[in-house]
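Good morning. Please have a look at it first.

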Amino acid sequence: MDGNASGEDYENIDWDTEDELEIQNIAPSSSLVTRNAEVIVGNGEASSSAGPSNSNLLQHFLGMGFSEQLIVKAIKENGETNTESILESLLTYAALEDSPDELNPCHLNSPQQQQCVDNGQLSSDYDESFLDDLSESDSWSGSEVAEIASSLPEHEKVLLSLANMGYTVEEASAAVARCGPEASIAELTDFIGAAQMAKTEDVFFEEEKPKISLANGGLKKRKLYELEMWKRKKRKGMLNEEDDVLRLPNPMIGFGVPTDAMVVTHRTLPEAAIGPPFFYYENVALAPKGVWDTISRFLYDVQPEFVDSKYFCAAARKRGYVHNLPIHNRFPLLPLPPRTINDALPLTKRWWPEWDKRTKLNCLQTVIGSARLTDRIRKALEKWGDDPPLHVQKYVIEECRKWNLVWVGKNKLAPLEPDEFEMLLGFPRNHTRGGGISRTDRYKSLGNSFQVDTVAYHLSALKDVFPNGINLLSLFSGIGGAEVALHRLGIPLKNVVSVEISEANRDIVRSWWEQTNQKGNLIHLADVQQLNGDRLEQFMGSFGGFDLIVGGSPCNNLAGSNRVSRDGLEGEQSSLFYDYFRILDLVKCIMNKQQ
């Protein structure tokens, strides 16, 4: 998303904030620990070699079920003040060196289970009378529970995994239906969290029932029971598609993609949406409930076209596009970009282990994995040799997916370089390089940009409409994704008014403009909120109006990773969507008046 906000306070905004955890693969085991951290008590006095200054800290993490040896090691590495880094290190140690069960201190067979208070308080819509069959005296043994769980189909194992994390089966099933059967645990938990934060409990269950307390021994049996009840309800039709009000299309190909035979060539637009001008608006697909309905309502009731850029390149990018563009005669940019990791980054193929089955990268983010993380992984893999155990493989793959790590040597992982970001997103090499911009800012600018091949496919229908060139109003233009797409399509840029708050991004676009020998006029503005009717009339009077208005307003308050201010379109940054609509409507009114 090419993002821009108004005012100095917005210049350092992390627009995408990973989108984008909508697609990150955070380790489920880590989620278990952090969820349970609030309900685990300490185990009293414990022997420790730690001094008085960190004895309380040691007790704190002992209470979470970590060993004293790992805690002391983590404190030594991170210091006593940074508890978050200590916890991160402990989770890493546990995932790499221990069995997966040890990550969950309340596991049924864990020695720490006596330290756990009752954390089985789960919201449920089942009668309490059924609990009698699931008490501690129930005849199911731990091995029987494990055997039943292992025999479940793969999609039901996912449901059970989410249930074991404390979510109801209804929540889990709605998330799977929304995100697709191949979605990662992190995508699913992020969706559930988004729905909960948007107060959409009605998506998952009809009414809130009293919470039920269970002892630890019955927790897995309870989850298996809930799963079975959900299956029965599904068979009886008690859950239906209308319950899943946030469902996105699967596959996410909009009106079609170049590699798919199913292409829509006709749609009927509401009368108010018919141009001039043409408009094209983009934002994250996995927004809170009601956001896309609001966007659609303001943009003349045009329904969004949801597309994942993984159908255009080797990296995913789930976005919604509201536009009034023609949808026939679309064509892709040539040459077609590589669509798998090995094709896009052929030098990695030599080192790629067989147990890493990834063929696509996840959404390219504004941040990258740390050197400390990749060094930890390297040392752990060297410890195990050529055949690491499954729990180590699982942890490594989860971190690879989370941070888009690629193999650059034997047991050696690294984050993508900025020029690799540029290639995957369809920008020319060195597009963001130079001009005093740092590597950190390059990642940030690229992580917030359009995926050029995807956008160009949508805009390609305009080539026959504007053979002599186009007048473009680019709002929140970022590093010029729309401008690059139009140029690569061979549509001349006659006049471009580019509105972007970041001076570094404006410099990038200006440099690209000069390097590509553009013959038109480029006008840069900094603040969308200062673009009013008088200024628009001035521009439109000088070159006859705008043919296309493109924009992707900030997604800060829409992205799933924003747990603090995920306020939807009412959030401080994402409310700038209304400026996109305000400006578009002003242009339409001025053009109608001029006609």
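Helices (H or I, at least four residues) and strands (E, at least two) are DSSP runs, numbered from the N terminus.

Now the source. This is a predicted model, in which local features need pLDDT of at least 70, side-chain atom pairs count only at pLDDT 80 or more, and totals for chains, interfaces and linings use all residues. Residues are numbered from 1 along each chain as its sequence is written, and side-chain values use heavy atoms, with hydrogens and water left out.

Take helix H19, residues 533-543. Which of its residues are buried? They are Gly 533, Leu 536, Phe 539, Met 540 and Phe 543. Buried means under 20% relative accessible area, exposed over 50%, and partly exposed in between, with a 1.4 Å probe and protein chains only. As background, an α-helix has 3.6 residues a turn, so residues three or four places apart point the same way.

What does the buried side of H19 pack against? Its partners are strands E6 (470-475), E7 (493-499) and E8 (521-525), and helix H20 (577-594). On the face turned away from the buried side, Asp 534, Gln 538, Gly 541 and Ser 542 are exposed.

Now the ends of H19. Asn 532 caps the N-terminal end, with a side-chain oxygen 3.3 Å from the backbone nitrogen of Asp 534. Just after the helix, Gly 544 has a positive phi of about 85°.

Next, Gln 518, in the loop between helix H18 (503-515) and E8. Is Gln 518 buried or exposed? It counts as buried because its relative accessibility is 15%. Leaving out residues up to four places away in sequence, Gln 518 touches His 487, Leu 493, Trp 512 and Trp 513.

Ser 445 sits in helix H15, residues 439-447. With a relative accessible area of 10%, Ser 445 is buried too. Again not counting residues up to four places away in sequence, Ser 445 touches Ile 437, Ile 479 and Asn 505.

Key: Contact = heavy atoms within 4.5 Å. Polar contact = N/O pair within 3.5 Å; in protein donor to acceptor, adjacent residues only side chain to side chain.
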